Amino acid sequence: MGISFVRTIILYLTVIAAVRIMGKREIGELQPSELVVAILISELAAIPMQETGIPLVSGIVPILTLLSCEIVLSAVTMTSSRVRRLISGSPSVLIMNGVIDQKEMRRLRFTLDDLMEELRISGYMSVSEVAVAVAETNGKLSIFPTSENKPVTAGMMNLTIQDGGLPSTIISDGDVCPQALKTTGRNMAWLGGKLAEQGLAPDDVFLMTVDRAGTTVIIPKDKNGAAGASGRARA
Amino acid sequence: MNKLRIAIILLLIIPALIAGTHLYLRAATDEMCSELTSAQKYALADDKKEAARQVAAFTKSWQNSSQIMATFIRHSELDPVNISAARLKPLLSEEENGDFLAESAATVAQLRHIWESDRFTPDNIF
């Protein structure tokens, strides 16, 4: 039991390191080769964890080999579009101007149910609303509506909207982030003033954000310990 | 690029390690097989003292090697040799010459199997 415990910790750290080295893409959208590596690594780590009669290196060596091959392959696919197409495939157009490409659907073994499900998920009820639907190499379907079904944007209506940008977190669960204050061009005096307006101290704040336009959102801590959405204040 | 460098280094280190273990395995099993073969010859020539000396040398070699081998060879491959190694000395001292020869031959076969199972042969790969 003790050996399994130690082995589990070693393999856990190895797999964490492997996934970390492979990069963030591995955690999100998986390309075919990345999916293969993810499945194999989990399998390779599990066997020596349980079987103490198997040397630990016979689990670690294949994991490191897969990791290295994956990184080298990624580097090669970055430099060669031919290899990239070979390994990851290329995007396929399934709908063009509201017409389904049945041949392409058969080739990809994409059923009509799958297609309709994807359309519904994306908020389209009919194929006729879609200008282009592309099956991406990671298996996701990118859907672009026809001009008449595109959502109205401020640009279409010639409206000028003040862009606040990405809000910066100034206080997170009572902790002031001085770096965020600095990057937003604010200081502790400004923070003190904003909190005083609400009658709060930094410790009383669950979340405080400020965007480029100066819009401040303050969510006080709930008295019971959890943050209360009802306590939201905008300034 | 750093990750790529790490990957290339790993892809160089891993085959080097494999080659190292492979060479070690060959040298160690060859040495132990030769000790056992000598012990068999002395036992056949009724030189029990020299046979016992060779068995003791084999036991010592096995004790040293098995600990290293356990880090890269399946333990189930090593267990039969452990059992055989423990039986050799008593068989020799109890004057069970036939049993000793059979057991030492089996041990040699097991040792050769350890080496054979690690070789890059089509049998092992496929």
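Helix 3 of chain B is followed by B:Glu95, whose phi is positive, near 65 degrees. Helices here are DSSP runs of H or I with at least four residues, strands are runs of E with at least two, and both are numbered from the N terminus. The model is predicted, with local features needing pLDDT of at least 70, side-chain atom pairs counting only at pLDDT 80 or more, and totals for chains, interfaces and linings using all residues. Residues are numbered from 1 along each chain as its sequence is written, while chains are lettered from A and ligands numbered from 1 in the order in which they are written.

Positive phi values also occur elsewhere. Most residues other than glycine have a negative phi. In B:Asp46, phi is positive, near 65 degrees. B:Asp46 sits in the loop between helix 1 and helix 2 of chain B. B:Asp46 counts as exposed because it has 8 C-beta neighbours inside 10 Å. In chain A, A:Asn97 has a positive phi near 50 degrees. A:Asn97 belongs to the loop between strand 1 (92-96) and strand 2 (99-100) of chain A. A:Asn97 has 9 C-beta neighbours inside 10 Å and therefore counts as exposed.

Chain B has five helices and zero strands. Its pattern along the sequence is α-α-α-α-α. Of its 126 residues, 24% count as buried. Two residues are in contact if their C-beta atoms, placed from the backbone, lie within 7 Å. Among contacts in chain B with a separation of 6 or more, 59% join residues 24 or more positions apart.

Helix 3 of chain B (residues 75-93) packs on helix 4 of chain B (residues 97-116). Their axes come within 9 Å and cross at roughly 155 degrees. Axes are lines fitted to C-alpha atoms, for helices over the stretch in contact, and angles run from 0 to 180 degrees between N-to-C directions. Helix 3 of chain B is therefore roughly antiparallel to helix 4 of chain B. Angles over 145 degrees count as roughly antiparallel, under 35 as roughly parallel, 65 to 115 as roughly perpendicular and the rest as oblique. The contact of these two helices has 10 nonpolar, four polar and four charged residues. Ala, Val, Leu, Ile, Met, Phe, Trp, Tyr, Cys and Pro count as nonpolar, Asp, Glu, Lys and Arg as charged, and the others, Gly among them, as polar.

The buried residues of helix 3 of chain B are B:Val81, B:Ser84, B:Ala85, B:Leu88, B:Leu91 and B:Leu92. They pack against helix 1, helix 2 (48-69) and helix 4 of chain B. The 19 residues of helix 3 of chain B should span 27 Å at 1.5 Å a residue, and the end C-alpha atoms are 29 Å apart, which agrees. The expected span is 1.5 Å times one less than the number of residues.

Between the chains, 13 residues of chain A are in contact with 15 residues of chain B. Helix 3 of chain A (residues 57-79) gives the largest share of the chain A side, nine residues. That side has 10 nonpolar, three polar and no charged residues. Helix 3 of chain A and helix 1 of chain B pack at about 135 degrees, with axes 8 Å apart. Helix 3 of chain A is therefore oblique to helix 1 of chain B. The residues of this contact divide into 12 nonpolar, two polar and one charged.

Within chain A, helix 3 also packs on helix 4 (residues 81-88), at an angle of about 125 degrees and with axes 5 Å apart. These two helices are therefore oblique to each other. A:Leu73, A:Val76 and A:Thr77 in helix 3 of chain A meet A:Val83, A:Arg84, A:Ile87 and A:Ser88 in helix 4 of chain A. By class, this contact has four nonpolar, two polar and one charged residue. The buried residues of helix 3 of chain A include A:Gly59, A:Ile63 and A:Glu70. The buried residues of this helix pack against helix 1 (2-22) and helix 2 (32-50) of chain A, together with helix 1 (2-44) of chain B.

Technical notes:
Buried ≥ 20, exposed ≤ 12 C-beta atoms within 10 Å, placed from the backbone.
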